[in-house]
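Take a first look at the two chains below. Then read on for a short tour, chain by chain.

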Amino acid sequence: MKKILAIPAVILLFAFLAFAHGNEEHVIGTVASVSPNSITVHTLKNENKEVAITGKTTFEGQNGPAKWEDVKVGDRVVIHADKDGNKLIAHTVRFSTAQPAAAH
Amino acid sequence: MRKGKIIGILIVVVVIAVAVYSIVVVRRGFSARDNPSWLESTMAGAARSMAYPSSAKQMQSPLPATNENLMAGEAHWADHCALCHANNGSGDTVIGKNLYPKAPDMRKSGTQNMTDGELYYTIQNGVRLTGMPAWGSAGDDDEDTWKLVQFIRHLPELTAEEEKHMESLNPKTPEEIQEERQEQEFLNGQSEPLKNSQPMKH
């Protein structure tokens with residue numbers, strides 16, 4: 001009888017024991033394409049990086065909070081994204097229409 | 001006799017079920033990425049409710065609910081709490097969402113339905129077997145903690161402007177400050193993407 005009681009007790013103890021910066025990536029470049037579900041960023045390594053947009057993604061333009069529709073192809077963009085396997089998921093997207101500084 | 005037999009059979013069934021579940025779990029391994037099971041959540045919730053002394057539930061803030069105290073709580077939160085709980089209290093941070101159990105969304109009823117005293121006690125004493133440490137000592141006179149309680153009450157109404165302001169109060173390493181400056185310069189058109197186009201990993 002004691003053994004019978006001991007088995008679940010040990011199992012429950014084990015269950016209790018069980019009860020007992022990660023992976024962010026910054027993608028910087030210019031917007032190659034944009035859709036409700038993703039932004040593709042062209043970096044100057046000549047790479048296109050696709051970053052997924054979710055309902056939690058926040059957008060910020062030069063004048064403050066914005067929406068994905070405000071992002072245009074060619075805009076400068078800084079995306080802070082979380083890696084989920086091979087996928088990048090944006091949590092903040094900052095963008096601007098600023099042109100490159102003039103050469104002197 | 002018949003009753004005893006039924007109880008015996010039930011015990012055997014429960015033991016077998018628990019054993020099978022344990023074998024499956026042990027073979028699969030454990031990860032903090034998982035969500036606690038219903039059983040764990042229920043048991044932990046019950047244990048947590050017992051953790052508050054009855055006197056703690058009735059505690060009231062000795063501070064007036066002024067805007068000044070709210071701002072102090074906001075700054076304190078941004079500096080000490082946001083790393084896990086996020087500025088908006090959602091818990092949606094690298095640390096918060098990978099803890100076991102995960103940092104709760106403090107804007108929701110699970111937190112907002114707690115009494116001020118329970119919130120104060122949780123901050124001061126932490127929560128066992130979670131990532132929440134004890135930040136204070138015994139007693140009910142820590143003004144900084146009462147200011148945090150006032151700010152926690154404000155979380156459901158936090159505005160985007162307040163959240164943005166809090167970002168400037170979050171602790172940063174020298175590298176993060178430099179990185180932030182470079183990103184802003186890039187957005188302002190003051191630097192070419194070439195210098196900053198590499199993905200930066202944290």
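A residue is buried if 20 or more other C-beta atoms lie within 10 Å of its own, exposed if 12 or fewer, and partly exposed in between, with C-beta atoms placed from the backbone. By that rule, 21% of the 104 residues of chain A are buried. In chain B, 19% of the 202 residues are buried.

This is a predicted model, where local features need pLDDT of at least 70, side-chain atom pairs count only at pLDDT 80 or more, and totals for chains, interfaces and linings use all residues. Residues are numbered from 1 along each chain as its sequence is written, while chains are lettered from A and ligands numbered from 1 in the order in which they are written.

## Confidence

pLDDT is the predictor's confidence in each residue, from 0 to 100. The complex as a whole gets an ipTM of 0.72 and a pTM of 0.66 from the predictor. Chain A has a mean pLDDT of 78, and 74% of its residues reach 70 or more. Chain B averages 89, with 94% of the residues scoring at least 70. Its residues 194–202 fall below 50. That stretch of chain B still has 21 contacts in the model beyond near neighbours in sequence. Two residues are in contact if their C-beta atoms, placed from the backbone, lie within 7 Å.

## Chain A

Helices (H or I, at least four residues) and strands (E, at least two) are DSSP runs, numbered from the N terminus. Chain A has one helix and seven strands. Along the sequence they follow the pattern α-β-β-β-β-β-β-β. Among these elements, helix α1 (residues 2–19) of chain A has the lowest mean pLDDT, 40. Strand β2 (residues 38–42) of chain A has the highest, 96.

How do the strands join? Two strands pair if DSSP finds at least two bridges between them.

| Strand pair | Sense | Bridges | A bridge in the pair |
|---|---|---|---|
| β1(A) (residues 24–34) and β6(A) (residues 76–84) | antiparallel | seven | A:T30 with A:R76 |
| β6(A) and β7(A) (residues 87–96) | antiparallel | nine | A:D82 with A:I89 |

β6(A) and β7(A) form a hairpin with two residues between them. In the turn, A:G85 has a positive phi of about 65 degrees.

Now look at A:R76 in strand β6 of chain A. Is A:R76 buried or exposed? A:R76 is buried, because 22 other C-beta atoms lie within 10 Å. Leaving aside neighbours within four places in sequence, its contacts are A:T30, A:F95, A:S96, A:A98, B:F186 and B:L187. The C-alpha atoms of A:R76 and A:V41 are 9.0 Å apart, and the two residues are 35 apart along the chain.

## Chain B

Chain B has ten helices and one strand. From the N terminus on, they run α-α-α-α-α-α-α-α-α-α-β. Take contacts in chain B between residues at least 6 apart in sequence: 61% of them join residues at least 24 apart.

Helix α4 (residues 67–85) of chain B packs against helix α7 (residues 143–154) of chain B at an angle of about 90 degrees, with the axes 8 Å apart. The residues of this contact divide into five nonpolar, five polar and three charged. Those in α4(B) include B:L70 and B:W77, and those in α7(B) include B:L148 and B:F151.

B:L155 sits in the loop between α7 and α8 (160–167) of chain B. B:L155 is buried, because 21 other C-beta atoms lie within 10 Å. Beyond four places in sequence, B:L155 is in contact with B:N88, B:G89, B:M106 and B:R107. B:L155 and B:N88 are 67 residues apart in sequence, yet 6.2 Å apart in space, C-alpha to C-alpha.

Most residues other than glycine have a negative phi, and most peptide bonds are trans. A:N46 has a positive phi, near 60 degrees. A:N46 lies in the loop between β2 and β3 (48–52) of chain A. With 8 C-beta neighbours inside 10 Å, A:N46 counts as exposed.

B:A86 also has a positive phi, about 70 degrees. B:A86 is in the loop between α4 and α5 of chain B. With 23 C-beta neighbours inside 10 Å, B:A86 counts as buried.

B:P101 lies in the loop between α4 and α5 (109–112) of chain B. The peptide bond from B:Y100 to B:P101 is cis, with omega near 0 degrees.

How values were computed
Axes are lines fitted to C-alpha atoms, for helices over the stretch in contact, and angles run from 0 to 180 degrees between N-to-C directions. Ala, Val, Leu, Ile, Met, Phe, Trp, Tyr, Cys and Pro count as nonpolar, Asp, Glu, Lys and Arg as charged, and the others, Gly among them, as polar.
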